[in-house]
Amino acid sequence: MWSFNKIAGIVDQWLNQTFNPTWALVFEMVIVGVCVIGLFAVLGLVLVIMERRVAAWIQIRLGPNRVGPKGMLQSLADTVKLLVKEGMTPAGADKFLFNLAPYIAMMVAMLLMAPIAFAKDFQIWNMNIGVLYVSAISSVSVIGILMAGWASNNKYSLMGAMRSGAQIVSYELSAGLSILAVVVLTGSLNLNEIVLSQADGWWIFKGHIPVIIAFIIFIIAVTAETNRAPFDLAEAESELTAGFHTEYSGMKFALFFLAEYINVFIVCAIGATLFLGGWMPFHIGHWESFNHIMDYVPSSIWFFGKTFFMIFLIMWFRWTFPRLRIDQLLNLEWKYLLPISMFNILLITAMAILGWHF
Amino acid sequence: MVEEIGTTTEGDLIINVGPQHPATHGVLHLVITLNGETIKKIEPHLGYIHRSIEKMCESLTYRQFIYVTSRMDYLSAHINNHACALCVEKGMQIEVPARAEVIRVLMDELTRIASHELWWGAMAMDLGAFTPFFHAFREREAINEIMEETCGARLTMNYMVPGGVMQDLHPDFQRKVKEFIILFKRKIDEYDELVTGNIIFQNRMKGIGYISPEDAIAYGCSGPVLRGSGVSCDVRKIYPYGIYGQLNFEEVLETAGDSFARYMIRIREMKQSIRIIEQLIDNIPEGDFVAKTKAVLKLPKGEFYTRVETARGEFGVYIVSEGGTTPYRIKFRSPGFSNLSALDHMARGSKLGDLVAMMGTLDLVIPDIDR
């Protein structure tokens, strides 16, 4: 069975034989950089098509079906359109910050890719503080949005950015606490070790009720953090026309758009890693033969399957729910989600100490 | 800071919602004074699509001016036409054949359902839910097809003429309407599952945009907006026109006076409309569909006023005649204009996000406001 780590191993071996170790490392870095950018482009295209398809399915309409077979090239055509559009900077805007903001949004999304384990032994950077790194970097994304809103010199943008700031900062807490639930159970911040700890069952099954609570809170919190409906108050097209990116056009808008989709992918990947076992196949305790059969499915398919299942959930929310009001949104976080997740973390700690989990 | 509400002070954020804003459904322009996200004051600026329809009507004959009214409240075209036809008939004292009366009521109620369908979808979209919009249009399409067959138009119908209706029903009319009734009864339960029962939706609607019965009367609100505050005002019940007096249906009333009450009024009203259609669809009397009238009508000297209940409220037609072939003066009393005037009163002190929800429940049609 082919797997990513074999390919990576072959490339690594060849580079080290051909060049000295320093150059080999540099080339590896370049290759990884190119791969990440490629992955970005592919994910952007796939997720946009997927969103439109899911929307069409829920809304009883056709969706894109003209460009390419079954409309699969639609998002590629959209990209070309956005590339050739004029990138405008409004008069009175802070030009430097205005143009910098989309790149910061993109940069954050790129940095977040580093610790994610895409398949067995296939990770850009296997760092021992993976979880901490993810929560730290993801909180930087709010700077890009605030920058965009402030620099646009537009009242709608400013309000969208302020809402977004309040929202992202608040929901970081719940998301962080629910991530911590799994860290407490595993005893490790390393994402790869977290995946390995689920070899005898995913945490959502092993940790039963408290972890299911943590998982639900995680989904709600990350939906809010990525500014997706029903928590898309930063954009809220009926109230703020388009929120923080009202003044952006062409490729600068596309970068925000892409960053949003990549963020959705990343949070879903983290969720899948922590709660659904990442690339770990579906294993049940010590059923050796059953586990062995499950191992025949490549680990990358398990990982992407779980991630896309979560992405589908988040898309489903978007096309079903109406939007909350900003004060209701903050109430939900501070009065309900945060106390529940604080109590939940106590419960999980007790569970970890007393060994109540499987 | 309650005392500040209603005034503009230094440092307040003044934003323009509309004319091209997605939530203004056309060309409404609202100048909003905000303190943070709290609304202090709203000034609607009208006139963006003013076409001076009332002035235009003065140069059109009594048969012609009815066509113009379909272009005002284009979602209640039939009902507007009905009001105009009634006014001319009142002046000329024309007897309308029984068949025409039944056809008119059937068309009115189908129009009311179509209008409320569109309102339901658009309002859900104002709240950020896209899916209901498409679902509502699916059912509305069935009505549009029925209309297209009989009246030849899908939006601005011109079917009612003084003395009856322009032409007879399409042979498929009865069958298609019966099919629609079955479809609609199933779908309206789906609407409740998708939107009405949703906890986010209820939190957004309940207690928002409250208007007391006294204030609602004082602002001249009518239709679902006034009935949401618990005031009985259905023209079909209190001043029955056509054959509404003989029909069996309820006037829908809610007492909460908030956005959710206005929402529920329209949802329940659609069910009542279906009830009316069910009573009539099997009992369309045979006979003429239009009374014999002269080619050019001349109203006797005097003033005539008739009113009907459109999907948005009371629509009145006031004609001053000097005995000629064209009206001397015409004034339309449109429901949207009065309902909009209450928006400032409702919205003060609530959040910007609520404004959109409130505007949705007023069910504004801009050409109805800017005549």
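The legends below describe close-up views of a predicted model.

Local features were taken at pLDDT of at least 70 and side-chain atom pairs at pLDDT 80 or more, whereas totals for chains, interfaces and linings use all residues. Residues are numbered from 1 along each chain as its sequence is written, chains are lettered from A and ligands numbered from 1 in the order in which they are written, and side-chain values use heavy atoms, with hydrogens and water left out.

**View 1. The open sheet of chain B has three strands in the order β1-β2-β3, with antiparallel pairing.** Strands are DSSP runs of E with at least two residues, helices are runs of H or I with at least four, and both are numbered from the N terminus; two strands pair if DSSP finds at least two bridges between them. At the edges lie β1 (13-17) and β3 (38-45) of chain B, each of which pairs on one side only. Direction ignored, neighbouring strands of the sheet are turned by 20° against each other on average. Five bridges connect β1(B) with β2 (residues 29-35) of chain B in the antiparallel sense, and Val17(B) stands opposite Leu30(B) in β2(B).

**View 2. Helices from chain A and chain B lie against this sheet.** Helix α7 (residues 155-186) of chain A lies across β1 and β2 of chain B and runs at about 110° to β1(B). Helix α14(B) packs on the sheet and touches β1, β2 and β3 of chain B, its direction making about 150° with that of β2(B). Contact here means heavy atoms within 4.5 Å; axes are lines fitted to C-alpha atoms, for helices over the stretch in contact, and angles run from 0 to 180 degrees between N-to-C directions.

**View 3. Helix α11 (residues 259-281) of chain B crosses helix α14 (residues 352-362) of chain B at roughly 30°.** The two axes come within 9 Å. The crossing of α11(B) with α14(B) is left-handed, a term used if the near helix is turned anticlockwise from the far one by less than a right angle. From α11(B), Ser259(B), Arg262(B) and Arg266(B) meet Met358(B), Thr361(B) and Leu362(B) of α14(B). The residues of this contact comprise two nonpolar, two polar and two charged. In this classification Ala, Val, Leu, Ile, Met, Phe, Trp, Tyr, Cys and Pro count as nonpolar, Asp, Glu, Lys and Arg as charged, and the others, Gly among them, as polar.

**View 4. Strands β6 and β7 of chain B form a hairpin with four residues between them.** Strand β6 (residues 302-309) and strand β7 (residues 314-321) of chain B run antiparallel and are joined by eight bridges. Phe304(B) has Ile319(B) in β7(B) as its bridge partner. In the turn, Gly313(B) has a positive phi of about 145°.

**View 5. The largest cavity has a volume of about 220 Å³.** On a 1 Å grid over the protein atoms alone, a cavity is a set of points where a 1.4 Å probe fits but cannot get out, and lining residues have an atom within 4 Å of a point. Grid points are joined across faces, edges and corners, and a volume is the space filled by probe spheres set on the points. The structure holds three cavities of 30 Å³ or more. Among the 17 residues that line the largest cavity, Val134(A), Ser138(A), Glu172(A), Glu225(A) and Val267(A) are the closest to its centre. At least two lining residues come from each of α5 (130-138), α7, α10 (208-225) and α12 (250-275) of chain A. The lining has nine nonpolar, six polar and two charged residues.

**View 6. The largest pocket has a volume of about 1200 Å³.** A pocket is an open set of points with protein on both sides within 12 Å along at least five of seven lines. Of its 49 lining residues, Val48(A), Phe253(A), Phe257(A), Leu258(A) and Tyr261(A) are the closest to the centre. Helix α12(A) supplies the largest share of the lining, eleven residues. By class, the lining of the largest pocket has 27 nonpolar, ten polar and twelve charged residues.

**View 7. The second largest pocket has a volume of about 730 Å³.** Closest to its centre, of 20 lining residues, are Ala8(A), Val32(A), Cys35(A), Phe122(A) and Gln123(A). Helix α2(A) gives the most to this lining, with eight residues. The lining of the second largest pocket has 15 nonpolar, two polar and three charged residues.
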